[in-house]
Amino acid sequence: MPLWTWTGLKAGKAATRWPQSGPDGQEGVLGMPRLDIAACRSGCDLCVESCPTQAIHQVDGEPVIDYGRCIVCQRCVEECPEGAMQSSYDWAFGVRQRSDLIWSSALESSAAEDLRKRIAASQRRSLHIRHVDAGSCNACESEISALDNPFYNLHRLGIFFTPSPRFADLLMVTGPVTAPMHDVLLATWEAMPEPRSVMATGTCAVSGAPMDEGYAGGSGLEDILPVDIWLPGCPPNPAALIHALLLLVERMPQKVTGGQYAR
């Protein structure tokens, strides 16, 4: 018997039972920054100036965060003198509406409570994914490849990648959609049978940041394809990817609305 076979049998099952139970594999990994508006000093714009992707701007003297442009660099946290911008472990930022990635201080408490109480519906179907790299730096691809490792074992959830768009239910797009990939992306979409869905994966696919101002960078998927799931992050970790996929098939609830994370 080969040594690696014996080692595997001795170690036992390596796959996590998450999201039903067990670890998600992201312990200690920082997520999107969190804003405590009560601690924010009036007239201070250090977070705005420090953000390299213009994810933070001011409206009526208060900061507004577009998480769809955030690359999780934590510079706003480091620069904030009042501690209003705080590090967090909030990474499950997959949403159905692009507007839910914009932080709003006016979120109604009833909406937040409803969000916390929502429970995912039972599985309706298995999911086959066609992935298209539309100009990514390959950080997202590194996290996507981890979905098939022994720990996450994506197949246990009935989710599979397919090389052919004709067998795919979901088009997973990474990258800001550069000019050379624009027609290729549309051709893949047209080859997919109905019903079909689109997932913008990573901050650059959501908004184009931070490459949207360059000569070769695109501006993401918003004006190109009808996006069903928006997942920011640079890159989104494997657990965030799984959460977004299960959100699509209504097996997990959305955790973000109005830019605020339900706990």
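Hi everyone, thanks for coming. One thing to keep in mind throughout: the model is predicted.

Let's start with empty space. Rolling a probe the size of a water molecule over the atoms shows where such space is left. How many cavities of 30 Å³ or more does the structure hold? There are two.

Among the residues that line it are Leu-35, Cys-40, Arg-41, Pro-63, Glu-82 and Met-85. Its lining has ten nonpolar residues and two charged ones, with no polar residues.

Hold on to two of those names, Pro-63 and Met-85, as both come back.

Pro-63 first. Strand S2, residues 56–59, runs antiparallel to strand S3, residues 62–65, and four bridges join them. Pro-63 in S3 is the bridge partner of Gln-58, and Pro-63 also lines the second largest cavity.

Now Met-85. The largest nonpolar core has 64 residues, and Met-85, Met-199, Leu-221 and Leu-245 touch the most other members. Several elements give two or more residues to this core, including helix H3 (75–79), strand S5 (127–133), helix H6 (179–191), strand S8 (197–201) and H8. Which element gives the most? That is H8, with nine residues.

H8 takes us to my last stop. Gln-254 sits in the loop between helix H8 (238–248) and strand S10 (256–257). Is Gln-254 buried or exposed? Its relative accessibility is 6%, so Gln-254 counts as buried, the cut-off being under 20%. What does the side chain of Gln-254 make a polar contact with? One partner is the side chain of Asp-100, at 3.1 Å. The Gln-254 side chain also reaches the backbone oxygen of Val-256, at 2.5 Å.

That's my tour, and I'm happy to go back to any part of it on the screen.

Definitions and conventions
Residues numbered from 1 in each chain as written. Predicted model: local features only at pLDDT ≥ 70, side-chain atom pairs only at ≥ 80, totals over all residues. Heavy atoms only, no water. 1 Å grid on protein atoms, 1.4 Å probe; cavity = no way out; pocket = protein on both sides within 12 Å on 5 of 7 lines; lining within 4 Å. Points joined across faces, edges and corners; volume = space filled by probe spheres on them. Nonpolar A, V, L, I, M, F, W, Y, C, P; charged D, E, K, R; others polar. Buried < 20%, exposed > 50% of the residue type's maximum accessible area, 1.4 Å probe, protein only. Polar contact = N/O pair within 3.5 Å; in protein donor to acceptor, adjacent residues only side chain to side chain. Pairing = 2+ DSSP bridges. Core = buried A, V, L, I, M, F, W, Y, C linked by side-chain atoms within 4.5 Å.
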